[in-house]
Each structure stands twice: as structure tokens, then as C-alpha cells.
Amino acid sequence: MFLSSARSAAIPLTGAISYDGFTSDAVRGHCWRFAFLQSFVLCIFLGHIGVHRFYVGKTGTGILYILTIGFCGIGYLVDLIKIIMGSFTDKNGNQIKRN
């Protein structure tokens, strides 16, 4: 299936979205490079109330962190270590790690 537009004759609809010549993977990779630093800073300063979890789209566990004050500090420390090690993920399973 193809979609016609003014910019190009035909764009294949294969699930990859194109924004001015960049595929969604390139756009997502660019955005998640900056997400590491923001997640890290949010976790350090507001991790006990789960702000870093809301930032990456994990609303359910963010609310749980608010109610339990970051699982009494243990969940907060685990998340901080996971962010530093590069194994922390967003709600879609994309890893948030340094370049």
C-alpha cells in the first residue's frame, strides 16, 4: 500500500514513519539520547515520588512510587542504578542509555 504526497511520488506504508527524511528509529534514537540525562536528574532529585517514571510513560508505577515514597527508598535506588547501567526502559521497552 502506498500513500501519495506532494513531496514524493509514493511513500510505502510499512510502519516506519518518515519525518523530513528521518525514519522513526532515527527520531526515537535522537530523542532517547537526551532522555538519559533527564531521567537521571529527575531520578536523583524527585525519584522518591516517581517523577522519572512518569517521564518515561510508566504512569502506574509512578503513582505507586508516590503512594509508597519510592518503595521506601529501595525502588528509587534500584531505578537509579538501572538508569546508570543503561537497563532502564520506557513504557514501550526502549532502553534509556547514554551514547
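**Briefing: fold, core and helix packing**

Along the sequence, the protein chain runs β-β-β-β-α-α-α-α. That gives four helices and four strands; these are DSSP runs numbered from the N terminus, helices being H or I with at least four residues and strands E with at least two. This is a predicted model, in which local features need pLDDT of at least 70 and side-chain atom pairs count only at pLDDT 80 or more, while totals for chains, interfaces and linings use all residues. Residues are numbered from 1 along each chain as its sequence is written, and side-chain values use heavy atoms, with hydrogens and water left out.

**Whole chain**

- Of the 99 residues in the protein chain, 23% are buried (buried is under 20% relative accessible area, exposed over 50%, partly exposed in between, with a 1.4 Å probe and protein chains only).
- Among contacts with a separation of 6 or more, 39% join residues 24 or more positions apart (contact means heavy atoms within 4.5 Å).

**Nonpolar core**

- The largest nonpolar core has nine residues: Ala35, Phe36, Cys43, Val56, Tyr76, Leu80, Ile83, Phe88 and Ile96.
- Helix 1 (24-46) and helix 4 (74-85) are the elements that give two or more residues to this core.
- Such a core is a set of buried Ala, Val, Leu, Ile, Met, Phe, Trp, Tyr and Cys residues joined through side-chain atoms within 4.5 Å.
- Cys43 touches His52, Tyr76, Asp79, Leu80 and Ile83, leaving out residues up to four places away in sequence.

**Ser39**

- Ser39 lies in helix 1.
- Its relative accessible area is 0%, so Ser39 is buried.
- Beyond neighbours within four places in sequence, Ser39 contacts His52, Tyr55, Val56, Ile83 and Ile96.

**Helix 3 against helix 4**

- The axes of helix 3 (residues 59-72) and helix 4 come within 3 Å and cross at roughly 70 degrees (axes are lines fitted to C-alpha atoms, for helices over the stretch in contact; angles run from 0 to 180 degrees between N-to-C directions).
- Helix 3 is therefore roughly perpendicular to helix 4 (65 to 115 degrees; under 35 is roughly parallel, over 145 roughly antiparallel, the rest oblique).
- Tyr65, Gly70, Phe71 and Cys72 of helix 3 meet Ile74, Gly75, Tyr76 and Asp79 of helix 4.
- The residues of this contact divide into five nonpolar, two polar and one charged (Ala, Val, Leu, Ile, Met, Phe, Trp, Tyr, Cys and Pro are nonpolar; Asp, Glu, Lys and Arg charged; the others, Gly among them, polar).

**Asn92**

- Asn92 sits in the segment after helix 4.
- Asn92 counts as exposed, at 58% relative accessibility.
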